[in-house]
Amino acid sequence: VTYLPQLKDQLVATPLERAPRRSGRVVAAAVAIGLAAAAGALAATGVIEIGTKVEPPGHLRPNPNTGSGVAEGTSARVLPLRVPDPAGGPPWGLQLVTTSRGLTCVQLGRVVDGKLGVLGQDGIANNDGRFHELSTRFATLGPGCAAPDAAGNAFIAIDSRGLASGEGPRRSCLGPGESDPGRERCPVADHRRFLYGLVGPEVSELTYRHRRRVRPVPLSEPEGAYLVVLAERQRGGGAAVGRSPSMGHPFVRLTYRDGTSCPPPGAKGTARQCDPSGYRSLLAGLEPESLRRPLRAALSGRRLVVSFRAPVGIDDARLSYGATAHFDRSCPQIYFVPSTNRDVRRGAPVTLEMELPPRCHGTIRGVVRLSVNATGPPVPMGGGESITIGRFVRRDGTKRSTQQDYLGGN
Amino acid sequence: MEPWSAISDEDLLQQAGKDRAAFGELYERHERALLGFLGAATRRADLAADLTAETFARALEGCAGFDSERGSARMWLFGIARNVLAGSARRGRVESEARRRLGLKAVTVHPDQLDAIETLIACEGDALVEDWLEDLPSDEAAALRARILDERGYAEIAAEMRCSEALVRKRVSRGLLRLRRQLTGEST
């Protein structure tokens, strides 16, 4: 019986020329078994204990037909990219997971034996020091989901703050930017900044500046996956998500296969947002005029209800119907009516609803759009590519609660 | 060709430079003993596995320099294990230089493997150390057992043995020296 067959296999597989001759007599140990006393302070360096797989809590079980959908475990693929952690240990890597609603999610974690996971430290898994494989179900709970374009390529750039253990499971100590008087802070030495994402197949090089040196970021093809892990003490937390990495700090330049770059060589001021190269819009084949539909805007108490029939069917999370609304005078800002966030059959009735803000009165004007959800499920922030389905105007301030306006879509 | 099982440890070491399968056979023969020895010293399965890995890596690197006239392959392996143990204790971390030079990856150890190693340590580790101590003079064995295995202070041991602390220190020191000679085959 062999206790560690994997160690034997590694030793036997060592190339013959890899074992240098070491001459000289082995020096006798200073002490023999007296080391037992010191072993308590000894840190293991070359073994990784495997713990149980971690799953998100049951109440975070997503619906396969709404939002991001459900991560399809069989689609999970750990990319060949490996990035060392500044403090050592298993390398970092990325895993791509497809969801039931067509999103491509990028999962970040430590990689051991080709599996993506977290380490039992920084308040994870009772700090057991073991490696725990991460369930793909965490993929849709993080910031890393992108809607593939019409050519099937996903573009996403994430700049997040976290810890050396990895992200996903709930931890017992506080990470960067978290606050809770009842919990201690995780070790500051374990603070990490993660810059990762997918720049697509058209990018040939991505460079970043670290310690005054500009160096290329290894890219995993064909997705153009990249990952940078920095040991940076952070006060703030959270993640910034976009479709392409921001140039400035730490990224310096994106170079494309056609020889162009962003920013172009010699450009003044390098801070800028680069459009994803090779991006094929999902709306490219649609004729805007043919998508116009009449809208019905009604008030039910302080609730605005906008309804129409879907000019285009939606069968994944890449598209959604949403609306924006604003008041003439009392509330100048634009309000976002939550998007459909689910599959919709072509011609089926669609209803968008929003609670009107208190103290906002007068005429409400709004626009309903079909939008591309470039980075993940629809959020009521709007922006990005869209086609107008119709406009509505609704007078608020009457006593009647079900007065309706009908307006053509234009 | 002779089956590996019919070949002595010393010949396996001689052949390991040309045929890694010979080293695999040597590994299988001595893994249990080294895990038990290093487990007895550290009382931790993960450390025992880590130290065993570095010990075998260092043995693989050094097999061409093995000289059977200076001792058995087993004693040579245990000598390496003690050096790895001593160097690791000095640094506060398990040495990994040989594995790095050989390009070996960290060994992933599953819970059932750790359980098996822990059982080995529990069942055989103490017995192994007791075996070694049996060959020592009783006063030295008692001093070593109290100081090293039970991690008690010199003053406490001296009070119990009704002798001076200096004498306890001397017995521990002599016991360790005798053990080392016994295990490495060094002449007195």
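Visitor: In which sense do strand S1 of chain A and S1(B) pair, and over how many bridges?

Guide: The model before us is a predicted one. In it, strand S1 of chain A, residues 47–49, and S1(B) pair in the parallel sense over 3 bridges. One residue of each strand can be picked out by name: A:Val47 has B:Val107 as its bridge partner in S1(B).

Chain B gives 70 residues to the contact, and chain A gives 47 residues. The size of an interface is often given as the accessible area lost when the parts come together. Here chain B and chain A bury about 5400 Å² between them, and 63% of this area is on carbon and sulfur atoms. On the side of chain B, the residues that lose the most area to chain A are B:Arg20, B:Val107 and B:Thr108, which together make up 12% of what that side buries.

The polar side of the contact comes next. Between chain B and chain A, 17 residue pairs are in polar contact, with both residues at pLDDT 80 or more. The count of salt bridges between the two chains is 1. B:Glu28 forms a salt bridge with A:Lys8, and their closest N and O atoms are 2.5 Å apart.

Which elements of chain B supply this side? Those that give two or more residues to it are helices H2 (20–42), H3 (45–62), H4 (73–91), H5 (97–102), H6 (111–134) and H9 (165–184), together with strand S1 (107–109). The largest share, 12 residues, comes from H2(B). By residue class, the side of chain B that touches chain A divides into 36 nonpolar, 14 polar and 20 charged residues.

B:Arg43 is found in the loop between H2 and H3 of chain B. Its phi is near 65°, a positive value in a residue other than glycine. B:Arg43 is partly exposed, with a relative accessible area of 41%. A second case is B:Arg162, in the loop between helix H8 (154–161) and H9 of chain B. B:Arg162 has a positive phi of about 55°, although it is not a glycine. With a relative accessible area of 79%, B:Arg162 is exposed.

To set the strand pairing between the chains beside pairings within one chain, consider strand S3 of chain A, residues 92–98. In S3(A), 6 of the 7 residues are buried. Strand S2 of chain A, residues 77–78, runs antiparallel to S3(A) and is joined to it by 2 bridges, with A:Arg77 opposite A:Leu96. Strand S4 of chain A, residues 104–112, also runs antiparallel to S3(A), and 7 bridges join these two strands. There A:Gln95 stands opposite A:Gln107 in S4(A). The hairpin of S3(A) and S4(A) has 5 residues between the strands, and A:Gly102 in this hairpin takes a positive phi near 85°.

Conventions
Residues numbered from 1 in each chain as written. Chains lettered and ligands numbered in written order. Predicted model: local features only at pLDDT ≥ 70, side-chain atom pairs only at ≥ 80, totals over all residues. Heavy atoms only, no water. Contact = heavy atoms within 4.5 Å. Buried area = accessible area lost by both parts, 1.4 Å probe. Salt bridge = Lys/Arg side-chain N within 4 Å of Asp/Glu carboxyl O. Polar contact = N/O pair within 3.5 Å; in protein donor to acceptor, adjacent residues only side chain to side chain. Helix = DSSP H or I, 4+ residues; strand = E, 2+ residues; numbered from the N terminus. Nonpolar A, V, L, I, M, F, W, Y, C, P; charged D, E, K, R; others polar. Pairing = 2+ DSSP bridges. Buried < 20%, exposed > 50% of the residue type's maximum accessible area, 1.4 Å probe, protein only.
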